[in-house]
Amino acid sequence: CMHARGGMANLCLCIVSFLLALSLASSVKGDYILEIMFHSYDNPEDRRMGGNRCDPGGGRACESYLHYCLGGNSCSGATYFNYDIYTSAAPSPNPVSLSISGSWPGSFQLYVKITDEDGGGPSFNDELIDEITTPVIPLSLSTGFTNQMTFAGDHSIASVTLSFQVECDTDFYGSNCATFCQD
């Protein structure tokens, strides 16, 4: 940025340009938090994909885990959070908070992969129970959670009832959380 001629003036101009570029970049980026509140899970026949019982010999219910993934219809390369619903009726943490860099686009799509986690060997790990691909959900920045929404599994085995809330992260403001302002 600094040339041999006009050294100090060019240095000042470079510093001002750098600071201006830095402030513009931070006002475009944005940050928001999407919260997912778990209300209920239902797999009435304790079955997994293919129709077999989760634990045919043991007689136990499925050890179900929810894997929340934003966007698309898989967890590949997505923002995700694994959620153990087997060990307690109200899994923790509840709600799940996903802090996401970027401005809030105004809607999202959630993919939920539900697995039976037996932890035995390779043939017993991650047995698929069902998958849920929600429609695109428009969501305004809010001060509270949406009404509860029940989503049936893509394979009609399980369902999950959830609610959502989105808010700007600390120091981010505006209708899409793209304005950065720090005291």
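Visitor: How many helices and strands does the protein have?
Guide: The protein has one helix and 12 strands; helices (H or I, at least four residues) and strands (E, at least two) are DSSP runs, numbered from the N terminus. This is a predicted model, in which local features need pLDDT of at least 70 and side-chain atom pairs count only at pLDDT 80 or more, while totals for chains, interfaces and linings use all residues. Residues are numbered from 1 along each chain as its sequence is written, and side-chain values use heavy atoms, with hydrogens and water left out.

Visitor: Which strands form the open sheet, and in what order?
Guide: Four strands form an open sheet in the order β4-β1-β10-β9, with antiparallel pairing. Two strands pair if DSSP finds at least two bridges between them.

Visitor: Why is one side of β4 and of β9 left without a neighbour in the sheet?
Guide: β4 (96-101) and β9 (149-152) stand at the edges and each has a single partner strand, so one side of each lacks a neighbour in the sheet.

Visitor: How many bridges link β9 and β10?
Guide: β9 pairs with β10 (residues 159-168) in the antiparallel sense over four bridges. In β10, S159 is the bridge partner of A152.

Visitor: Changing topic, what percentage of the residues is buried?
Guide: Of the 183 residues in the protein, 35% are buried, meaning under 20% relative accessible area (1.4 Å probe, protein chains only).

Visitor: And what share of the contacts joins residues 24 or more positions apart?
Guide: Such residues account for 62% of the contacts with a separation of 6 or more, where contact means heavy atoms within 4.5 Å.

Conventions
Buried < 20%, exposed > 50% of the residue type's maximum accessible area, 1.4 Å probe, protein only.
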